Amino acid sequence: MRKYKVGIIGATGMVGQRFVELINNHPWFELSSVAASSRSAGKTYEEAVGGRWMMSAPIPDAAKKLTVLSAESDISKVTDSVDFVFSAVDMKKEEIKALEEIYAKAECPVVSNNSAHRWTEDVPMIIPEVNPEHLEVISGQRKRLGTKRGFIAVKSNCSIQSYVPAFHPLMQKYKITNALACTYQAISGAGKTFETWPEMVENVIPFIGGEEEKSEKEPLKIWGSVANDKILTATSPAITTQCIRVAALDGHMAAVFMSFDDGGKPDIEEMKYIWQNYKGLPQELELPSAPKQFLHYFEEENRPQTKLDCNLENGMAISLGRLRQDSQYDYKFICLSHNTLRGAAGGAMLTAELLCAQDFI
């Protein structure tokens, strides 16, 4: 596999920093360009990040001396030096939509962590193990944009990264009709640490703006179908959620309840077997960021735990546990994912690997 030259627009924020960390020593990708706001432009990456570096490992040497470009003003400088870009810009939604389309129209593929294009009908919103077939809509998107190489692909919201992967393999044989998910979401999902958000220490906040709508609706696009160069949204299952911010640094946990159609439902042992043995296309292709086992089930009553399990398989695996019957729904269980790895930069990285492996980039 040849090396791809990669750029990051929005490189100085928390997700941008995670992209920098993940690209370092990546077998396929080489960081060639970093871009951010005009405030950072002209500085070295090390100077621009300053005391705001939030990763546990130090800034990679390959990134320190890169000159930060303006994500808005230096577009041609970025696109001329890379094969594709990751987008993690912090702007208003309409501004992000417009900027990502400018990059795509400049014949630069965009793999975005942002929510701005998640509901654009010809932009695939990908969980690589769940809906890789949605990448076929890119050909229609290129027609609309008038491009040969350029396109936009996005990853889904971090809050759904644990229960959608759990539902998906069950739905290959059975129909889930209704589901409830209460998510307990770490502060890094808001781009914060305990140092920058001290009021979250020993605290729980029962509201995350816009999160419940995303958590209920985005799975239906992921389970939709491609027709006439658009993604048609699925109509089921019906999902309701509550999203709560908790005093954890990393890791989004969910308490999930689900009911199956009267036509049949699996028993508990079958569900565990389906989860443990499910492989998606990233596992079949042995992509560099793919976990060897996508779904891990823990038999212990007190697992998964955020501190113990969110980094499972480099933060790219999904942890499941406490599957049991419920008095109102058919079953209930607990699931956990790493929100800035599987749920953000890592999920986008795996999507980019899939796009490269299938010659979209």
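Where does aspartate 359 lie?

Analyst: Aspartate 359 is in the segment after H13. A word on the ground rules: this is a predicted model, in which local features need pLDDT of at least 70 and side-chain atom pairs count only at pLDDT 80 or more, while totals for chains, interfaces and linings use all residues. Residues are numbered from 1 along each chain as its sequence is written, and side-chain values use heavy atoms, with hydrogens and water left out.

Aspartate 359 has a positive phi of about 65 degrees, although it is not a glycine. With a relative accessible area of 67%, aspartate 359 is exposed (exposed means over 50%, buried under 20% and partly exposed in between, using a 1.4 Å probe and protein chains only). Another residue that is not a glycine but has a positive phi is glutamate 313, at about 50 degrees. Glutamate 313 belongs to helix H12, residues 312-315, and is partly exposed at 26% relative accessible area.

Now step back into H13 itself, which covers residues 341-357 and holds glutamate 353. Helices (H or I, at least four residues) and strands (E, at least two) are DSSP runs numbered from the N terminus. Glutamate 353 counts as buried, with a relative accessibility of 0%. Setting aside neighbours within four places in sequence, glutamate 353 is in contact with His26, Trp28, Phe29, Leu287, Pro288, Ser289 and Ala290, where contact means heavy atoms within 4.5 Å. Glutamate 353 and phenylalanine 29 are 324 residues apart in sequence, yet their C-alpha atoms are 9.0 Å apart in space.

Phenylalanine 29 leads us on to the aromatic rings. The structure holds 16 aromatic pairs. The rings of phenylalanine 29 and phenylalanine 86 have centres 6.4 Å apart and planes at 70 degrees, so they form an edge-to-face pair. This pair bridges distant parts of the chain, with phenylalanine 29 in strand E2 (residues 29-36) and phenylalanine 86 in strand E4 (residues 84-87), 57 residues apart. Both phenylalanine 29 and phenylalanine 86 are buried. For these pairs, rings of Phe, Tyr and Trp (its six-membered ring) count if their centres lie within 6.5 Å; planes under 30 degrees apart are stacked, over 60 edge-to-face and the rest tilted.

Ring pairs also gather Tyr4, Phe19, Trp28, Phe29, Phe84 and Phe86 into a cluster. At Tyr4, the charged end of arginine 2 sits over the ring of tyrosine 4, 4.2 Å from its centre (the rule asks for NZ of Lys or CZ of Arg within 6 Å of the ring centre and within 35 degrees of the ring normal).

What about the nonpolar interior? The largest nonpolar core has 54 residues, and Tyr103, Tyr163, Phe167, Met258, Trp275, Leu320 and Phe333 touch the most other members. Its largest share, five residues, comes from helix H7 (residues 163-171). A second, separate core of 43 residues includes Ile59, Ala345, Leu354 and Ile361. A core here is a set of buried Ala, Val, Leu, Ile, Met, Phe, Trp, Tyr and Cys residues joined through side-chain atoms within 4.5 Å. In soluble globular proteins, nonpolar side chains tend to be buried together.

Finally, here is the whole chain around your starting point. There are 13 helices and 16 strands, and 58% of the 361 residues count as buried. Contacts between residues 24 or more positions apart make up 76% of those with a separation of 6 or more. The C-alpha trace spans about 60 × 50 × 35 Å along its principal axes. A compact globule of 361 residues would have a radius of gyration near 21 Å, and the chain has 20 Å, which agrees (the radius is taken over C-alpha atoms, and the globule rule is 2.2 Å times the number of residues to the power 0.38).

One joins serine 236 and proline 237, with omega about 5 degrees, and proline 237 is in the loop between strand E11 (230-232) and strand E12 (238-246). Another runs from arginine 303 to proline 304, with omega near 5 degrees, and proline 304 lies in the loop between strand E14 (295-298) and helix H11 (306-309).
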